[in-house]
Amino acid sequence: MRAELIDGKAIAADVRADVARDVAALRERGVVAGLVVVLVGDDVASATYVGAKEKASREAGMSGGTVRLPAATTQAELLRLVEELNGDAAVHGILVQMPLPAHIDPDTVIRHIRPDKDVDGFHPENVGKLLIGHTDGFVSCTPAGVIELLVRSGVETRGAEAVVVGRSNIVGKPMAALLLQARPGGDATVTVCHSRTRDLHMHTRRADILIVAAGRAEMITGDMIKPGAVVIDVGMNSVPDPTRAKGSRLCGDVHFASAVEVASRITPVPGGVGPMTIAMLLRNTVRAAERTVS
Ligand code: NDP
């Protein structure tokens, strides 16, 4: 079997077109959806992600932009900025780019963002709403994007054995919670694996839907996948590659060349889950803006 590719770029473009339509409709009602991204320090990867988010929000017709702060910014200064943005009616979504410099506690910052502006979906109130199945909160963008990929690709999650590798607060845990919801894109039987899991292979081989977010380059090989499974690779790893001009290449947590021979459908890296994360951030922002008028 050679798996069919799930084209995250194309699906993300569809979501972004929907968002742009919703933003335009809001403008007609006098509201311009606004997203502000806060970047502290000069981490190169973070600057790239933030640039992509700013560009995408502009293309969707949103206002806002990026506030860039020096690495020496104190926690108190950052919290003051968050308070200001919380109180600014033109700002519907606030995203503080992680990781923050070591002297700033990320949980304290996240808890300061108003839950109804927390378009990253990291605030405990939004995480709690996800767990109890309330739909008026915000869901972490990457796992929300994975569900969107599954639903828009016609993958049946109901009754499926879904195995998630990784239990982080931003991907693995909300991913498992979404797959458990009693609604389309959910209703799966969910197993969550992590670094202490005994016999990972046994679990991954049972999965009808295998979602990998472990941050370990190419750790899931074809022999760990059930024939015909749907494989979603969240991983984004830069590995040395002397054949490339820049000396490295991007790869996922799944060994694509062997997995593609076993799975029925698979996401590539790049071009799979990555583009969905930004698309879902834009969707969360326009929902935040809509909730201020309805
Ligand atoms: P974290 O490092 O926070 O979490 C990794 C998880 O994987 C942990 O729960 C860890 O277990 C588990 N794990 C690590 N090694 C193994 C192993 N050998 N076997 C089983 N489980 C293991 O990573 P994130 O969740 O933040 O990100 C995961 C990946 O997804 C990364 O490659 C990241 O770059 C990518 N990513 C991609 C995004 C996108 O937009 N495409 C967005 C966010 C992340 P334990 O808890 O026991 O340590």
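A cavity is a set of grid points where a 1.4 Å probe fits but cannot get out. I looked for such spaces in this model, which is predicted.

Entry 1, cavities. I found two cavities of 30 Å³ or more in the structure. I started with the second largest cavity and noted a volume of about 30 Å³. I listed Leu39, Val40, Gly41, Asp42, Asp43, Ser46, Gln97 and Pro99 as its lining. Sorted by class, that lining gave me three nonpolar, three polar and two charged residues.

I read off about 50 Å³ of space for the largest cavity. Its lining consists of Ile94, Leu95, Val96, Met98, Ile110, Ile113, Asp118, Asp120 and Phe122. I counted seven nonpolar and two charged residues in the lining of the largest cavity, and no polar ones.

I turned to the second largest pocket, which has a volume of about 500 Å³. It is lined by 23 residues, and I noted Val139, Ala144, Leu178, Arg183 and Arg283 as the closest to its centre. Helices α5 (124-132), α6 (141-152) and α10 (273-291) each supply at least two lining residues. I marked α10 as giving the most, with five residues. By class, I have nine nonpolar, eight polar and six charged residues in the lining of this pocket.

Conventions:
Residues numbered from 1 in each chain as written. Predicted model: local features only at pLDDT ≥ 70, side-chain atom pairs only at ≥ 80, totals over all residues. Heavy atoms only, no water. 1 Å grid on protein atoms, 1.4 Å probe; cavity = no way out; pocket = protein on both sides within 12 Å on 5 of 7 lines; lining within 4 Å. Points joined across faces, edges and corners; volume = space filled by probe spheres on them. Nonpolar A, V, L, I, M, F, W, Y, C, P; charged D, E, K, R; others polar. Helix = DSSP H or I, 4+ residues; strand = E, 2+ residues; numbered from the N terminus.
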